[in-house]
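Q: Please take a close look at the pocket lining and at the part of the chain that contributes to it. Go through it step by step, in plain terms.

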Amino acid sequence: HRRCFGFGIATCLIAISAHAACTLPPPPSKVPDAAVATEQEMIAAMETLKRYDTDVRNYTKCLGFELSQHRLSAETKVLKLNEAIDTFKAIAEKFNEQVRLFKAKSA
């Protein structure tokens with residue numbers, strides 16, 4: 001464990017964060033079922049998906065930084081990036097399908 005005292009706290013925190021690995025954000029836990037979801041639930045799911053998109057974008061920036069600092073190989077970056085993008089696409093496709101069904105139900 002690292003111990004930091006007084007003015008050294010900021011320096012210690014910077015050192016700890018500089019060595020932190022990028023963490024793949026967890027995808028939203030569920031997509032509402034259009035057959036039973038309310039409009040408010042669909043809107044909340046859209047907001048969650050937007051936050052997840054931001055989290056994935058920040059993760060990709062982190063991977064780029066780790067690569068630039070030589071703490072990550074280009075091959076590993078590509079694998080991690082593909083995993084993040086594939087996961088995002090899968091959840092976005094599920095959500096978009098439910099939006100189409102929801103709109104068709106409401107029409």
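A: By class, the residues that line the largest pocket are 10 nonpolar, 2 polar and 3 charged. This is a predicted model, and its values are computed from the atoms. The volume of the largest pocket is about 210 Å³. It has 15 lining residues, and those closest to its centre are K30, V31, P32, E41 and A45. Two helices, α2 (39-68) and α3 (74-106), each give at least two residues to this lining. The greatest contribution comes from α2, with 5 residues.

The second largest pocket holds about 180 Å³ of space. Its lining is made of E39, M42, I43, M46, F95, V99, F102 and K103. Here too, α2 and α3 are the elements that supply two or more residues. In this lining 6 residues are nonpolar, none is polar and 2 are charged.

Helix α2 takes part in both linings, and the rest of this answer starts from there. The buried residues of α2 are M42, A45, L49, Y52, V56, Y59, L63 and E66.

Next come the charged side chains. In general, side chains of opposite charge can pair when their charged atoms come close. The model has 4 salt bridges. One of them joins E47 and K50, whose closest N and O atoms are 3.8 Å apart. Both residues belong to α2 and sit 3 residues apart, about one turn of the helix. E47 counts as partly exposed because its relative accessibility is 35%, between the limits of 20% and 50%. K50 is also partly exposed, with a relative accessible area of 45%.

A further salt bridge links the side chains of E66 and R71, at 3.2 Å from N to O. E66 has 8% relative accessibility and therefore counts as buried, the limit being 20%. R71, at 34%, counts as partly exposed. Just after α2, H70 has a positive phi of about 60°.

The other helix of the two linings has a salt bridge as well. E97 and R100 meet at 3.0 Å, N to O. They are 3 residues apart in α3, so about one helical turn separates them. E97 is partly exposed, with a relative accessible area of 34%.

Finally, α2 is tied to another part of the chain. The structure holds 1 disulfide, formed by C22 and C62, with sulfur atoms 2.0 Å apart. The pair connects distant parts of the chain, 40 residues apart: C22 is in the loop between α1 (8-18) and α2, while C62 is in helix α2. The link of C22 and C62 is left-handed, with -90° about the S-S bond. C22 counts as buried because its relative accessibility is 14%, under the 20% limit. C62, at 24%, is partly exposed.

Conventions:
Residues numbered from 1 in each chain as written. Predicted model: local features only at pLDDT ≥ 70, side-chain atom pairs only at ≥ 80, totals over all residues. Heavy atoms only, no water. 1 Å grid on protein atoms, 1.4 Å probe; cavity = no way out; pocket = protein on both sides within 12 Å on 5 of 7 lines; lining within 4 Å. Points joined across faces, edges and corners; volume = space filled by probe spheres on them. Helix = DSSP H or I, 4+ residues; strand = E, 2+ residues; numbered from the N terminus. Nonpolar A, V, L, I, M, F, W, Y, C, P; charged D, E, K, R; others polar. Buried < 20%, exposed > 50% of the residue type's maximum accessible area, 1.4 Å probe, protein only. Disulfide = S-S within 2.5 Å.
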